[in-house]
Amino acid sequence: EIHIKEPIEKEVSPRLLPGELLLCEASTVYKYVQEDGSNRGTYGKLVCTNFKISFLDDDSASDDNEPQFKNKIVGENDITLQCVDQIYGVYDEKKKLLTGQLRKYPEKLIIYCKDLRVFNFCLRYTKEEEVKRIVSGIVHHSQTPKLLKRLFLFSYASAAPNNTDGRNQTVMFETLEDWRDELERTKGNVKYKAVTTNEGYRVSEKLPLYFVVPICISEESILKYEGRGIPIWCWSCHNGAALLKMSTFPKEQDDSTSQMQKAFLDGIYKTISKPPYELLKMDDLSSSLPSLQDIQTAYTRFKQLFLIDNSTDFWATDVKWFSLLESTNWLEIIRRVLKKAIEVAECLEIQHTNVLLIEESATDLCCVISSLVQVMMDSYSRTKSGFQSLIQKEWVIGGHGFLDRCNHLHKSEKEEAPVFLLLLNCVWQLVQQYPPAFEFTETYLTVLSDSLYVPIFSTFFFNSQHQRDTNKSGESLKTQSGPFRFLTVWDWSVQFDPKALAFLNNPLYAEKPKPDKSQRKTTRFKHQRQLSLPLTQAKPSTKRGFFREETDHLIKNILGKRIGKFINSSDEPPNSLREFYDSWHSKPVDYHGLLLPRIDGPEIKVWAQRYLRWIPEAQLHGGGTIATAARILDLMEEVQSLQVKMDEEHSQAVCGDVHSVPMLRNSARLSSLFPFALLQRQSVKPALPTSTWKDLEDEDDLVKRDDEFVDLSGDML
């Protein structure tokens, strides 16, 4: 039984954003502490607004013990309505999914979030009327279909003062000039041109206002089939080879239409295969990569492994962890996508061939592959502003359907697929394999993934530039008339203060030197690192194992003892690709040249910070990469303060920014998943669950299981 104490008398009010309205609330709600099976927790008030669900306890009113890494928009006990994944009610100890109208109201409420947090609320001591209001309010506002204009994005834009600092270096690709600058930066302006054919969206509402095509493509060709069948430029390699994408024609067509379209495509292919253009290689991603439905199914299974209700559940699944992880197929999809990006890079870099990515709409897997190739081949895309500009170009302006793929409006689960998350997972693999090559950190990628569900930014809440432009104009909700002024997610100061922002920047980033032209020519083709691509399931190197030596035994267990039979003989890469891969990995790394990910099974890892950050059992206290980072940041702070003292002595005018590096004192108390795991969260492994002992006692039964354990202890020495 829960020990009932008198609720706190002090009134706690929610902090509301401009345009945010309180819709319903319930007092005397008991929030369980997630990490153990006991009934420990805290009393407070549960509220629902048109922006978020929020739990307010006595600590919410005080600013003491605030975490070093605090989001100014979404607090630790806040869940934006778009971040709610599923809601369950507990009736007589049985869980039931809550949707639509409820006849009976639960005694417990469990909210599963898209950022993988799990909230458990007990409503047993709350007044019946308040229970009805809060439960039906939360279910209605977070789960039922809604109109686009009902998103909080519009309420906030009409009420909030637009006082952003404007120092954002991200190229937004909303003007013709932005595209011309990008062509000039990549030296693609000799063979490609930025066109204004779609001004007023007269070609297609799915295409951006401005885009780039080969110079030989006429305006009539672009207009003929609403932009379908037209190669659209993504990026040019230093040797002149270019990455292009194209949307295909609908498959169900009558014969005469199909013949006309085929003749049209043949004409286009001939035109762009002649000099000065390179040879053309076409790659239909719908046949060479998993379907969106496969990706959605894999991710749905994968995320279930991390939506843990309590500590007992975590340890109960531990025996079958690796089988469960492998059976989701999520890591295999990441590997296949990275392998495809390597294939494209080889065509561009070695074969000097143009690559044309083909997909039905050219706004899903095309975005993933084109972005990955640019991150691998263009060091500018590995800077923070360069990566953000890349997301703007390929995804936001490129027409990725964020609204449908994230199902922000709860209209159709058939359209839902974590395509953007797939890209971030792939980029994370590169970031953790080659940290000095990236100006940003994995924390940056994690908060970027969280920002998908924060509807005060327009970046991830429209399907196309046309949809954003048409909804931007028109009257705002109340008094103000004229266009909405939406925020962009790239202004990180809206979510974080300068101290927290420092966690997004990599202190060990190897900044690009500025050599003279003769040096640049000699070093251009130097590409890098060891470890070859195995053709069959290979035994990992005894020197490396699956993990770095400093990684704790538990994290070893979680992240990879048998991640799988990922590479088999049927998946053999072509010889030229293997030679390219082996040759690259046999040379030292040039962090500003081409980067190729290592893609054999054990190298594809679980993005621990994003997926395990709310599970205390998976944390190392005083260990992990954060311990190293803490020491480096301390040294940087010391160097900065010494620099300031020197500047003050030699010149009165110079004033250094001492606070640009976060203080990470007492790194022994930090969790390996800092800054998301707070210092006070500690968890001790309980005695083995009874079910596990039973499994272990019956050895014969254990032998018959599918989940054979591979003893890699010798390889990890």
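This is a predicted model: local features need pLDDT of at least 70, side-chain atom pairs count only at pLDDT 80 or more; totals for chains, interfaces and linings use all residues.

Analyst: On a 1 Å grid over the protein atoms alone, a cavity is a set of points where a 1.4 Å probe fits but cannot get out, and lining residues have an atom within 4 Å of a point. Residues are numbered from 1 along each chain as its sequence is written, and side-chain values use heavy atoms, with hydrogens and water left out.

User: Which residues lie nearest the centre of the largest cavity, and which elements give two or more residues to its lining?

Analyst: The lining of the largest cavity consists of 17 residues, and those nearest its centre are Y299, E416, P418, L421 and Y453. Helices (H or I, at least four residues) and strands (E, at least two) are DSSP runs numbered from the N terminus, and the elements that give two or more residues to this lining are α7 (292-304) and α14 (419-433). The largest share, four residues, comes from α7. With Ala, Val, Leu, Ile, Met, Phe, Trp, Tyr, Cys and Pro counted as nonpolar, Asp, Glu, Lys and Arg as charged, and the others, Gly among them, as polar, the lining has nine nonpolar, three polar and five charged residues.

User: How should I read helix packing, and at what angle do the axes of α10 and α14 cross?

Analyst: Two packed helices are described by the angle between their axes and the distance between the axes. Here axes are lines fitted to C-alpha atoms, for helices over the stretch in contact, and angles run from 0 to 180 degrees between N-to-C directions. The axes of α10 and α14 come within 10 Å and cross at roughly 75 degrees; these two helices are therefore roughly perpendicular to each other, a label that covers 65 to 115 degrees. Taking contact to mean heavy atoms within 4.5 Å, α10 contributes W330, I333, I334, V337 and L338, and α14 contributes L422, N425, C426 and Q429. These residues divide into seven nonpolar, two polar and no charged.

User: Where does P276 lie, and what kind of peptide bond joins P275 and P276?

Analyst: Most residues other than glycine have a negative phi, and most peptide bonds are trans. In this model a cis peptide bond joins P275 and P276, with omega about 10 degrees, and P276 is placed in the loop between α5 (255-273) and β13 (280-284). T28, in strand β1 (residues 22-32), has a positive phi near 50 degrees although T28 is not a glycine.

Definitions and conventions: On a 1 Å grid over the protein atoms alone, a cavity is a set of points where a 1.4 Å probe fits but cannot get out, and a pocket is an open set with protein on both sides within 12 Å along at least five of seven lines; lining residues have an atom within 4 Å of a point. Angles under 35 degrees count as roughly parallel, over 145 as roughly antiparallel, 65 to 115 as roughly perpendicular and the rest as oblique.
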